[in-house]
Amino acid sequence: MEKIEAPVSEARKVHFNFPQPMRSGQRVVRLTDIHHAYGPKVVYEGIGLEIERDKRVVLVGPNGAGKSTLLKILAGVLPVQRGERELGHNVKAGYYSQYRVDMLQPGRTVLEEALDTPQRITEQEIRTVLGCFLFSGDSVFKRISVLSGGEKSRLALVKLLLDPPNFLLMDEPTTHLDIPSIDALIGALERFQGTVVFISHDVYFIRALAKKVLHVNAGVLTPYAEIGRAHV
């Protein structure tokens, strides 16, 4: 029987050079003696954490363990209740979550919204990126007001990648993406010259991107240097 090679995803062949952010200092962020609670529910009591430049860290742990809370504290989205959050030199944090869809302009088309970036990128290059995230043909002329929640999330992700910070924090970024789109996102983040901390339940995405695992459970942070099946 003749062996037939598996087809290669077209998204894997896309090598758009995403804009690269300015270089940060070696220490990106430091948390010292952080306490956080939601009313009587204590999530963290005196934790500390330091993230260095160029790291790819995934936060894993059971639901309700405080992963999203930690990500928001690192991003500066949640104010520190007690303790200290200190950003390093030249660090610009950017947080990706569902709330980003509220920053899109409903009256614009998908293409108009994507073109609204401070970076010098051609329309053709932007169309290529949009195509990787399922916006192709006439769909780039759809008004944002008529997009589904998933489409808005994908467009917000495109906008973030077109003008990335040097400290990128992402909460479940592969939600609403198919495999070719996930491959395109992985390719972009592999070439991204910055620091990434993310939450994901997508084992394929974790294994492709993460270099370090931080296990979060019962207010305790346990770092692992390497990805292991027991930790994902």
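**Helix and sheet packing in a predicted model**

Helix α4 lies across β5 and β6 and runs at about 165 degrees to β5. This is a predicted model, in which local features need pLDDT of at least 70, side-chain atom pairs count only at pLDDT 80 or more, and totals for chains, interfaces and linings use all residues. Residues are numbered from 1 along each chain as its sequence is written, and side-chain values use heavy atoms, with hydrogens and water left out.

Q: Why are α3 and α4 called oblique to each other?
A: Helix α3 (residues 123-132) and helix α4 (residues 149-162) pack at an angle of about 135 degrees, with their axes 10 Å apart. Axes are lines fitted to C-alpha atoms, for helices over the stretch in contact, and angles run from 0 to 180 degrees between N-to-C directions. Angles under 35 degrees count as roughly parallel, over 145 as roughly antiparallel, 65 to 115 as roughly perpendicular and the rest as oblique. The pair α3 and α4 is therefore oblique.

Q: Which residues of α3 and α4 meet, and what is the contact by class?
A: Ile 126, Val 129 and Leu 130 of α3 meet Leu 155, Val 158 and Leu 162 of α4, where contact means heavy atoms within 4.5 Å. By class, this contact has six nonpolar, no polar and no charged residues. Ala, Val, Leu, Ile, Met, Phe, Trp, Tyr, Cys and Pro count as nonpolar, Asp, Glu, Lys and Arg as charged, and the others, Gly among them, as polar.

Q: What makes β5 and β9 edge strands?
A: The open sheet of six strands has the order β5-β6-β7-β3-β8-β9, with mixed pairing. Strands β5 (93-96) and β9 (220-224) each have a single partner strand, so one side of each is left without a neighbour in the sheet. Two strands pair if DSSP finds at least two bridges between them; strands (E, at least two residues) and helices (H or I, at least four) are DSSP runs, numbered from the N terminus.

Q: What is the order of the open sheet of three strands, and what is its pairing?
A: The order is β2-β1-β4, and the pairing is antiparallel. Five bridges join β1 (residues 27-38) to β4, and the partner of His 35 in β4 is Arg 82.
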